[in-house]
Amino acid sequence: MVKDECKTLLNALNKVSACYRHLVTCAGGTSDSQNLREELKKTRRKAQVLAVANKNKLTTILKDKSISKDDRAEFERLWVLFSTCMEVLEIDMRRALELGQEFPLSAPTKRLIQTGVVGGTSAVAARAMNIQNMKYDEGNNIDTADLNDLEQEINEVGEMIYEMDMKVNVLQWTVEAKQGPGSELKSAGASSLAVVCANGGGNEKLCDTNKVFAGTMFSAVLIIAIVLTVCIVKFA
């Protein structure tokens, strides 16, 4: 189904973009390296491929005048999510460019920031690329060569966003969300609580015990506060 294909493509773009953002936060830090710069390059290019696929698919559908009103509303919602994802990707690419210029690895001019983050980032990049292990090009000084490519790709993403706005006229403030603000956080909290309190009789007893303990502690603190207040008034 076309709608499911669009959702799958958008979910893949969100996943890769999130991985790219995580990698960008490591640039310029103690975990920065030639491998990280290569992971950034491969991840952002995967994101751009997915972005083009999303744009072509959604543009074709939204320009079709024969789709129903309900379907159009759903595809417009997906379009808004896609547009937002592209804006975030462009911001992260610009941040990666700035960090790459500030912290060149080939000719270091500044010490790497002690962020406290240690270890490699290949697992994150592998998830973004949907592969088991990342392969790196040995002897390739990607640090200097990639900055020019990154700057060019930022311009291409900016042009893509502009072209999207010109081809499809979807006013973001007219698109209704299916969920309220922060609903995903509430649902996550509710599901976490459900795991603790609604998984059989043993866990229910545990929750009840915790409530009794909390109530007892609160009562004890309250009694102590009252006793201290009485003592202060009496001996003042």
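**Salt bridges**

This predicted model contains 14 salt bridges. Side chains of opposite charge can pair when their charged atoms come close.

**First stop: helix H2**

Select helix H2, which spans residues 34-62, and display lysine 42 and glutamate 38; these two residues are four positions apart, about one turn of the helix. Their side chains form a salt bridge in which the closest N and O atoms are 3.3 Å apart. Lysine 42, with 27%, is partly exposed.

**Second stop: from helix H2 to helix H5**

Next, select lysine 55 and glutamate 163, which form a salt bridge with 3.9 Å between the closest N and O atoms. This pair links distant parts of the chain: lysine 55 belongs to helix H2, whereas glutamate 163 belongs to helix H5 (residues 142-167), 108 residues apart. Lysine 55 is buried, at 10% relative accessible area, while glutamate 163 is partly exposed, at 31%.

Lysine 167 is partly exposed, with a relative accessible area of 44%.

Now select Arg44, Arg45, Asp146, Asp149 and Glu153. These residues are linked in a network of salt bridges.

In soluble globular proteins, nonpolar side chains tend to be buried together. The largest nonpolar core of this model comprises 40 residues, and those with the most contacts inside it are Leu13, Tyr20, Phe75, Trp79, Phe82 and Met86. Which elements give two or more residues to this core? They are helix H1 (2-24), H2, helix H3 (69-102) and H5. The greatest contribution comes from H3, with 12 residues.

To conclude, select methionine 86 and display its surroundings. Leaving aside residues up to four places away in sequence, methionine 86 touches Leu13, Ala51, Val157, Met160, Ile161 and Met164. Among these neighbours, Leu13 is also listed with methionine 86 among the residues that have the most contacts inside the core.

Notes: Residues numbered from 1 in each chain as written. Predicted model: local features only at pLDDT ≥ 70, side-chain atom pairs only at ≥ 80, totals over all residues. Heavy atoms only, no water. Salt bridge = Lys/Arg side-chain N within 4 Å of Asp/Glu carboxyl O. Buried < 20%, exposed > 50% of the residue type's maximum accessible area, 1.4 Å probe, protein only. Core = buried A, V, L, I, M, F, W, Y, C linked by side-chain atoms within 4.5 Å. Contact = heavy atoms within 4.5 Å.
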